[in-house]
Structures are given as structure tokens and as C-alpha cells.
Amino acid sequence: MNITDFFVQGDDIILHQSELDLDQTLDCGQAFRWERISPDTYHGYYLNNELTISDLPEKGVFRFHNVTEEQFLAIWFDYFDLSADYSEVIKALSEDETLSAAAGQYSGTRILRQDPWETISSFIISQNNNIPRIKLIISRLCEHYSAYPTFDDMKAETVETLSYLRAGFRAKYIVDAVLRFSTGELTADGIKALTTDAARDELMKIKGVGPKVADCALLFGFHKLDAFPKDVWVKRVMSQYYPDGLPECTKGIEGVAQQYLFQYIRSGNR
DNA sequence: TTCCAGGCGTATC
DNA sequence: GATACGCATGGA
């Protein structure tokens, strides 16, 4: 059963949510701007909105520091996908032995509803890269702009002006993505309206965006839960457990399954 | 020093 | 369509 309830306590919001784990949701490779500032607390951003969130001692209870009810409902309720019932997803996946184990171990994982442009540009940076360095490059970008820049903010950027990022060969891909959005050739609303397959084709018009980066953007930035990003880790899962493809029970929620499997295999279950 | 990281573009068959 | 290789950077 899904329990999502919240109330105002002083300057904070207290959330009751049985299916949320901060490590599994904020530090699982789907978002790169969250930092664990103490064992139970994360600090980070969605667009220009800053948040400190704590996992309280009581099980399934969280504190959103200095957040009004209005802000919570307008921003964070959607960002954390709090209207979704992940216990239903886990129940569906439990038909498969490996997915049952992975989802059981990572049942506090939620697919964040992130900004389309941020996920596209962030996952361009992610290619052939490791998570700590992805975070480092993105933090340099945000420090430079005092926030995560929009494509419009970046429309004058070149490979040379981006050299401070130390993004290597990815800089030219970022420039190409900026160009395609700032000219209006691609729009977030346009992509959102398409089927997952058609949306993937649109995103892959960007130089440096292949199937994997496109699927990450579709899953994390457009909340298309049937997108299934296959990185090196998920490819290992597939070859070991699913050489003939994903089981039926993942239909429509392949992306959520992927996120459980990604964490499962990375933690050493092989 | 060599290998690897939430891959992709290009050349070649 | 599939396979091989180079690619910037930095940590292990």
C-alpha cells in the first residue's frame, strides 16, 4: 500500500512516504546535483529551487527544510513523483526472480521528474565517464552560471568557451545540443508529445546522443517509463540474466526495472 | 603504466 | 546491420 501524506511543521514540511530512500533516489545515477551533507540529509536542486531533505529516525518520514506547503505542492511533490505507487510496480516485477530481488533491495528508488534540458545535457556529459567526474563537470557548469544554465543561457557557447569544464570530447556535443534547442529545431514539449520510439529518434539528431543517452533523458527528464537505458552495467545484467530479453512483467515499466537492476548489479550482485 | 567509466561517431565490411 | 577503434579526462 502506498502511503503519501504530509503536513506543515514550523518552516518545514513533514512527509510520510513508505516507498522512498534518499540514497537510492538521489544518489543512484539519475541526478547529479544532490550531495549527501550528513548520513541522513541531502542538499541539492531542481532547476533553481534549492532543497535540504532529511530522512528522520521514524521509518518512512522525511523533513523538507524551509519549504512552504505551496512550494511543496508546486515543486517537490511532482519532482519526487509522489503521486505514484511504487509498491504496485514492485509487485508486478516480483514475477521475475532477479527483478524481485533487485526491486526488493532497492524498493526506495523513485524515478525523479527532472528538467528535460538538464537531463539531456547531463547525460551527454555522462557518456564514457564515471559518476564522480560527471558530478564534477556539472558542478563547474552550475558554478559558472550560478545555476544550471538553460540552452538559451548557453547559446553563445563554443568548444573553446566551455574548456573550463574539462569535459573533453563531450564539449562539442553540448554545443550541438544547445544549438538544436536554441534554434527551436528541438523542443521539450514537442519531444514530450511523441511516443518513446519517436522521441528517441528526435533526441538522436543531436551529435553525441545515441540510444543510451536518449533513453536516460526520456526516462529521467520526460518520465517515459518504458525507456530502457542500456549502459555497461545494465548490459552485464542483460547478458547474465536476460540473454533473450526482458520478461513480460516489465512491460511499460522497463525504465523502473532498469533502475533497480542498475543499482543491484553495481552493488556487487553478479 | 594500464584500465575503466550510466557511449558515440566514423570507417569498414 | 554488425564490428573495431579512437576519443578527453582523471581516479584506481
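Helices (H or I, at least four residues) and strands (E, at least two) are runs in the DSSP assignment, numbered from the N terminus. The model described here is predicted.

V8 is exposed, because 12 other C-beta atoms lie within 10 Å of its own and a residue counts as exposed at 12 or fewer. Leaving aside residues up to four places away in sequence, V8 touches I13 and E69. H144 is 136 residues from V8 along the chain, and the C-alpha atoms of the two are separated by 35 Å.

## Overall form of chain A

Chain A contains 12 helices and 6 strands. Its radius of gyration is 18 Å, close to the 18 Å that the globule rule gives for 270 residues, so chain A is as compact as a globular protein of that length. The C-alpha trace spans about 55 × 50 × 35 Å along its principal axes.

Of the 270 residues in chain A, 37% are buried. When contacts between residues at least 6 apart in sequence are taken, 64% of them join residues at least 24 apart.

Strands β3 (residues 35-38) and β4 (residues 41-46) run antiparallel and are joined by 3 bridges. R36 stands opposite Y42 in β4.

T41 has S54 in β5 as its bridge partner. Here too there is a hairpin with 2 residues between the strands, and L47 in the turn has a positive phi of about 50°. β5 in turn is joined to strand β6 (residues 61-64) by 3 bridges, with the two strands running antiparallel, and I53 stands opposite F64 in β6. The hairpin of β5 and β6 has 5 residues between the strands; G60 takes a positive phi near 75° in it.

## Helix α4

The buried residues of helix α4 (residues 97-105) are L99, A102 and A103. They cover an arc of only 95° around the axis, which puts them on the same side of α4. The elements covering these buried residues include α3 (86-93) and α12.

## Helix α10

Helix α10 is largely enclosed by the rest of the structure, because 9 of its 11 residues are buried. These buried residues are V213, A214, D215, C216, A217, L218, L219, F220 and G221. They pack against α5 (116-126), α9 (196-203) and α12. After α10 comes H223, which has a positive phi near 50°.

## Surface near DNA strand B

DNA strand B is surrounded by 24 residues, of which G29, Q127, N130, G210 and V213 are the closest. The elements that give two or more residues to this surface are α10 (211-221), α11 (232-241) and α12 (254-266). α10 gives the most, with 4 residues. V213, one of the closest residues to DNA strand B, is also among the buried residues of α10.

By class, the surface near DNA strand B has 10 nonpolar, 11 polar and 3 charged residues.

## Surface near DNA strand C

The residues around DNA strand C are N128, N129, R133, R166, G168 and F169. By class, this surface has 1 nonpolar, 3 polar and 2 charged residues.

Methods. Residues are numbered from 1 along each chain as its sequence is written. Chains are lettered from A and ligands numbered from 1 in the order in which they are written. This is a predicted model: local features need pLDDT of at least 70, side-chain atom pairs count only at pLDDT 80 or more; totals for chains, interfaces and linings use all residues. A residue is near a molecule or strand if its C-beta atom, placed from the backbone, lies within 6 Å of it. Ala, Val, Leu, Ile, Met, Phe, Trp, Tyr, Cys and Pro count as nonpolar, Asp, Glu, Lys and Arg as charged, and the others, Gly among them, as polar. Two strands pair if DSSP finds at least two bridges between them. The radius of gyration is taken over C-alpha atoms; the globule rule is 2.2 Å times the number of residues to the power 0.38. A residue is buried if 20 or more other C-beta atoms lie within 10 Å of its own, exposed if 12 or fewer, and partly exposed in between; C-beta atoms are placed from the backbone. Two residues are in contact if their C-beta atoms, placed from the backbone, lie within 7 Å. The arc is that of the directions from the helix axis to the C-beta atoms.
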